[in-house]
Amino acid sequence: MARTKVKSGQDPVFDETFDLDDIPPDVLTFTVTIMNRGRRAKDAEVAEVTVDMTSLKSGSETEEWYNLRGVTPIGEWGSIRLRLRYLHDLIMPMEEYSPLKELILDANLEVVRALAELRHSDRMQLATALLRIFRFEKKEAELLSTLNRMEVEREEETSTLFRGASLSTALMDVYMKSVCTDFLHSAIFPTVHKIIESRNQSCELNPNKIESTTEACANAEFLLQVLDDITESIFMSSEACPRTLRYVCYCLQRIVMQKWPNERFVRTRAVSGFIFLRLLCPAILNPRSFNLISEPPPPAASRSLVMIAKCLQNLANLVEFGAKESYMEVVNPFILKNKERMVVFLDHLSSVREKPYPDEERVKGDPARDLAIVHLLCETSLIDLQTMTISEK
């Protein structure tokens, strides 16, 4: 059983995600029940919809409207939109997957590369399964650095490097989110907590959202102070970053410098594209999803966090604000002051030259479930995989 938060209004949106694992095979339906809060804070069932799981296709995601049926036959209750992903796992004993496991872990990563091309829409599911398989074998560094290298080899322009949705970016996203909790707590949590607690002060600079010049000056002063604090915290926290991730960043710096030797800041921007664009800034924007806080921040605090992330991203890109957002130009002296420190920080973070023994907590159990997921993806793409093999020969 799972329960959403209470919502009010004509068209409420419930944004929670619920994972219901290991459902017994004799359970064929699930029911979504709509509750209404009464005068004495007692909840009463008013409408429901029952979904037949046998009508859902295994492994695919659906999103559609379901008509609600009232608990009492009086009145119309409208409908509710549900996004569902149903997975029917057939998990064999671990030894049955040994040949597949050997193929997946092969140093050339041929199976991984083939699935990356064929299962683009399932890349997050594929990335999660592959990462767990490689982490069981303590080979995540090889997986991440090899796929990053392949993406660099395919790319022609540094401006679009790792900006698209690919298996390599999905793997880095999943990996960083799973191992960087301590790093995030060290680097950004004090500032995020401060912003949430600062109910009477804002970082807003947009003149369309500010009532007076006095307020604009106070907000700018507060924002610049917050930026000084959070950058100092980030710059001092590189040792809290997992050493395996730091080694992957070192490998990334090395390959981009080999491909673009005349690009002065390519090594900085390649690493900042992951550490800031895909980790620190998303965690600032949505600290709840990174397990930094338990409740969503208030709207005013959320807007301040947006402003902070926006400024940090420009600093990480080594770019000042221009005329397009002239009201942000007050932040440019901060960016100019910290550009060189940003380069030094990212170089130090990427200074682990020898592949370390993975220092993060090992995954639990065995990879049979993850191998079953990869097996299912291979099975549903069998004809395409065979065609690729024939064409390569």
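Trainee: Why is K101 called buried?

Mentor: This is a predicted model, so every value here is computed from it. K101 has a relative accessible area of 18%. Buried means under 20%. Therefore K101 counts as buried.

Trainee: Where is K101 found?

Mentor: K101 is found in helix α1, residues 98-105.

Trainee: What makes K101 and E137 a salt bridge?

Mentor: Their side chains meet at 2.6 Å, N to O. The rule asks for a Lys or Arg side-chain nitrogen within 4 Å of a carboxyl oxygen of Asp or Glu. So the pair of K101 and E137 qualifies as a salt bridge. K101 lies in helix α1 and E137 in the loop between α3 (123-136) and α4 (140-154), so the pair ties together parts 36 residues apart in sequence.

Trainee: Why is the link between the side chains of K101 and E137 also a polar contact?

Mentor: That cut-off is within 3.5 Å for a pair of N or O atoms. The side chains of K101 and E137 are joined at 2.6 Å.

Trainee: Is E137 buried or partly exposed?

Mentor: E137 has a relative accessible area of 30%.

Trainee: What else is K101 in contact with, leaving aside its neighbours within four places in sequence?

Mentor: Besides E137, K101 is in contact with M94 and L371.

Trainee: How do you know that K5 forms a salt bridge with E295?

Mentor: The closest N and O atoms of K5 and E295 are 3.2 Å apart. The limit is within 4 Å, so the pair passes. The two residues sit in distant parts of the chain, 290 residues apart. K5 is in the segment before β1 (29-37). E295 is in the loop between α10 (266-285) and α11 (299-316).

Trainee: Why are K5 and E295 called partly exposed?

Mentor: K5 is at 35% relative accessibility, and E295 is at 44%. Buried needs under 20% and exposed needs over 50%. So K5 counts as partly exposed, and so does E295.

Trainee: What makes E63 and R81 a salt bridge?

Mentor: Their closest N and O atoms are 3.2 Å apart. E63 lies in strand β3 (residues 61-67) and R81 in strand β5 (residues 79-85), so the pair ties together parts 18 residues apart in sequence. E63 is partly exposed at 38%, and R81 is partly exposed at 39%.

Trainee: Which residues are linked in a network of salt bridges?

Mentor: E61, E63, R81 and R83 are linked that way. By this rule, the count comes to 19 salt bridges.

Conventions
Residues are numbered from 1 along each chain as its sequence is written. This is a predicted model: local features need pLDDT of at least 70, side-chain atom pairs count only at pLDDT 80 or more; totals for chains, interfaces and linings use all residues. Side-chain values use heavy atoms; hydrogens and water are left out. Helices (H or I, at least four residues) and strands (E, at least two) are DSSP runs, numbered from the N terminus. Buried means under 20% relative accessible area, exposed over 50%, partly exposed in between (1.4 Å probe, protein chains only). A polar contact is a pair of N or O atoms within 3.5 Å; within protein, one must be able to donate a hydrogen and the other to accept it, and residues adjacent in sequence count only if both atoms are side-chain atoms. Contact means heavy atoms within 4.5 Å.
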